[in-house]
Amino acid sequence: MQILPKSLYAAFDTYPAPKGAAVHIREFAQTLFTHTGSGLLLVLGDENLPSWQIEGGMQIRRLASDEPNYLKRAMQFGEFVYAHAEMLRSDLQIAHFRDPWSGIPLLDVQDRRYKTVYEVNALPSIELPARYGAISSTTCNKIRLFEKRCWEEADWIVCPSQVIKNCLTELGANASKITVIPNGAKLIDPTQISLPADSPEQYLIYFGAVQSWQGVEVLFKAMTFLRDMPELKLVLCASGSKPRLKYLQKLAVRMGLEQQLIWHFKVSQTVVTEWLAGAAISIAPLVECSRNLIQGCCPIKIVESMAMGKPVIASDLPVVRELLEHNQTGWLIRPDRPAELARAIRILLAHPQERDRIGENARRKASTDLTWEASANTLKAIYSQLLA
Amino acid sequence: MENCNMKRGFFFLRDCDHPAHQSCSVCQASFCSEHLRIKPETNEPVCLDCLGRTMQQQQQQQQQNQTLNTRNRRNDYYDDYYYDNAWCYGYRSNYYSSSHYSPWYLGNSSRNNSQFNDQDMRVFDNSADINDPDAEAFDPEANVFDS
């Protein structure tokens, strides 16, 4: 017998997917559904994923849309969310949403009994211009109105970094109802992981999505300064849109990096873990742009590397400083400086004991502050407070 | 030729892309045959929005008067041909007015600044996405990031 869900988690994102956002969705949705006893996850799907599924006690409904236009697809998803929320309005206790496309419909349901939580990992009004260069300020302002309604009307707001909280507060959100819950990771002992059979002797790793703000181009440029180390490879476990991935591959060829790079596209979390376990250094070369500086983020790639005791070289940005301390739990370099990045790689490769020390410090910090259990406990306390 | 003025959808409204066939005798706007009904007693065309609204109002009035239930009192005007989906339009209109809800409009006619129009939409067409691999390319020899 199918149990009516008591909570709903909506995300305008494909789930599962080989990127940090999918891990975040899984962890938070499971926390919510465990707290309320049952739940429904509404996400995007594709031709390979079932439209309805029960997985690990989680009921998942996916909208498989072939609409190529982002905004129209967002509207379709809104209708999809609204239809479910309207049907379940008397049964749901909590509706948790990750974006305004899910949030507005959830807030619009009449006579709803559920409380709402807005999880702000990103603001489309800030991120979309990076992807769609032709977007006008008028369109952005319209999107901002939807976001504003979400942070004004949601009963609670959670976000993964202080930078995002500051951004929301400056935009007019009520700081007293915002809780910062950093992303977490599962602590893994790399010595217990069997490394990929074809892994090179020594390699760096970049893993995760490859949007323009991630700084993969900076890393490529840095690799050109390391050509005197032919044995050193860069493994890229990359996910992203086909055009973007194609562009980066072509760029790597143009920069003469074919021999230095090992590509893995859209691989599973397990494969990423295997590659991370054998890496000497993990790189997070975030770009100094409004998405990272003003909006903020909490890169899961950094948190997961820390949880495995891997030293991370990352851009010195406020969002990164929330996670890493230079020469203690990580190695920070000025953003958008490939030569500086290359120098940092050389230094850490030349000093394995320093690498181990930083990695161990990072693992210790992750074990105390950055676990999914800690995030879940904070989230559960918010749900309890809302339902009290 | 003018297009039908009916808005499709409930939560997100879109333009009906059929050509207009006749004008509604109540609101005077033009609609396609799918969105018009002919009033039997007067032979006048009425759009589904106006028809639905009238039905809702009559229903509410009947409920207030505590008379027989609406369906039993339905007269010929609301035979199956009229009743088919006009109630949806009435429900929609009633929903908007009673909940003060303003639906998102995804069409061409400009209504107000908070709604997405065709111009907003066009930016997000696939062709506007990064489909040119060279679109973001920079000269690999130029040390642009090493300022």
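Which residues in helix 11 of chain A meet residues in helix 14 of chain A? The second view below has the reply. This is a predicted model, in which local features need pLDDT of at least 70, side-chain atom pairs count only at pLDDT 80 or more, and totals for chains, interfaces and linings use all residues. Residues are numbered from 1 along each chain as its sequence is written, while chains are lettered from A and ligands numbered from 1 in the order in which they are written.

**View 1. Chain A as a whole.** Chain A has 15 helices and 14 strands (DSSP runs numbered from the N terminus: helices are H or I with at least four residues, strands E with at least two). Its C-alpha atoms fill a box of roughly 65 × 45 × 40 Å along the principal axes.

**View 2. Helix 11 meets helix 14 in chain A.** Here A:Val303, A:Met306 and A:Ala307 of helix 11 meet A:Ala362, A:Arg363, A:Lys365 and A:Ala366 of helix 14 (in contact means C-beta atoms, placed from the backbone, within 7 Å). Helix 11 (residues 300-307) and helix 14 (residues 352-369) pack at about 105 degrees, their axes 7 Å apart (axes are lines fitted to C-alpha atoms over the stretch in contact, and angles run from 0 to 180 degrees between N-to-C directions). The two helices are therefore roughly perpendicular (65 to 115 degrees).

**View 3. An open sheet in chain A.** Six strands follow the order 11-10-9-12-13-14, with parallel pairing (two strands pair if DSSP finds at least two bridges between them). Strand 11 (261-265) and strand 14 (331-333) are the edges, each pairing on one side only.

**View 4. Strand 9 beside strand 12 in chain A.** Strand 9 (residues 202-209) and strand 12 (residues 281-284) pair in the parallel sense over two bridges. A:Ser282 in strand 12 is the bridge partner of A:Ile205.

Definitions and conventions:
Angles under 35 degrees count as roughly parallel, over 145 as roughly antiparallel, 65 to 115 as roughly perpendicular and the rest as oblique. Two residues are in contact if their C-beta atoms, placed from the backbone, lie within 7 Å.
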